[in-house]
Structures are given as structure tokens and as C-alpha cells.
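Open your viewer and get ready to click along. We will select a few places one after another and look at what is there.

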Amino acid sequence: MSRRVSRSTLALVAVALACTGLVAQRALSEPRAPQVKDQLGVTQVRDLRGRVVPLLADKTPTIIMINSRTCPWCKKSLRDIGQIAAGQPLPRLTVLTLEGAPFGKPMLESEGIAGARLVGPVGSAADLKASLRQVGTPVFIAVDDTGRVLATVPGYLIYDEMKRWVAVMSGAANSP
């Protein structure tokens, strides 16, 4: 009888090892959640003073908006953000303006958007555009507190959807 128990135990151990191997293989083959670098190809940007700084300033949920001063949909998006925020500061909004942070400042001021972080590319706008997965502007990227991309929306967000994204920008929500 001790041999049967040994064989049964050995069979259970073999099955457990096979299952562990399958689980490990699946975990390694599943795609990992994309990080900001995967979406943008950059982790460093220039601030308003021209200093090179990290794209993600701290470990909080953030909405990154990539825009251009010549983009009419960017202007409409900023107008909607300003209307929805109604003067409320948006500390979790990072606006990455292709032409550089100084070009984003009047765009935000004209729409009454306060508290947002303005940045621009370290290199040229063309270099940044070449590294983006989405073509064109605007692009909205929701990032969690670990730098993991939760959602990416290329193009204009309709007003009702923008309300959810502004909730993250203001700190009222962690994801859109």
C-alpha cells in the first residue's frame, strides 16, 4: 500500500509541475500592459524653463494631451476642457505641445485652464511625431500611478467622454 501512496503522490507532483509550467508559459507569452515609453517613445521632455525633466512628474494618475498650436481639434479639445473644468485647477493634466511648452501656454490661458503642466519635446517636433504610435493631434493618454497606460484616444474626445477625462485631470477620478 505504501507504493500506491508513493505513486499517487508522485503523480500529483507531476501534474502540479506540469500546471506550473503551463501557467508560467502563459504569463510570459501574454502581452504586458503598455508603458508611456511604449506609446510615446519618450520619457524626457522640456518644461517652460527649457529644462529636461521626466514626462511623468510624480506617481499620480495623469492625462497626457499631445497637441499642436496649429491643430483646430486641439483647440476645440482645450475649449471643452476649459468649459468642463470651469476654472478648477487641473494638476493631473500634462500638455505636451509639439512646438514646445511656451507655445502651449497661450493656448491654455485663452481657455482658462489652470494648474496643468506644460511640456515640449526634447528634440524636434518631427522626432516626437516619428516616435508616436498614433498619427496626428490631439492624442490623449491616461496613465496610472505606476506609469502604465490605461487608455489612449487619438483625436477629438466628444464632450461627454471628455467629462470623464477631466475628472482624472482634476484629481476627482483615477481613470476615465
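Contact here means heavy atoms within 4.5 Å. This is a predicted model, where local features need pLDDT of at least 70 and side-chain atom pairs count only at pLDDT 80 or more, while totals for chains, interfaces and linings use all residues. Residues are numbered from 1 along each chain as its sequence is written, and side-chain values use heavy atoms, with hydrogens and water left out.

**Stop one: Thr62.** Select Thr62, which sits in strand E3, residues 62-67 (strands are DSSP runs of E, at least two residues; helices are runs of H or I, at least four; both are numbered from the N terminus). Which residues touch Thr62, leaving aside its neighbours within four places in sequence? Show Leu56, Arg92, Thr94, Ile141, Ala142 and Val143 to see them. Thr62 is buried, at 7% relative accessible area (buried is under 20%, exposed over 50%, partly exposed in between, with a 1.4 Å probe and protein chains only). Its side chain also reaches the backbone oxygen of Thr60 at 2.9 Å.

**Stop two: helix H6.** Now select residues 159-170, the 12 residues of helix H6. Colour its buried residues: Met162, Trp165, Val166, Val168, Met169 and Ser170. What do these buried residues pack against? Show strand E3 again, then helix H3 (72-85) and strands E4 (93-97), E6 (139-143) and E7 (149-154).

**Last stop: Gly171.** Just after H6, click Gly171, which has a positive phi of about 100 degrees.

Methods:
A polar contact is a pair of N or O atoms within 3.5 Å; within protein, one must be able to donate a hydrogen and the other to accept it, and residues adjacent in sequence count only if both atoms are side-chain atoms. The expected span of a helix is 1.5 Å times one less than its number of residues.
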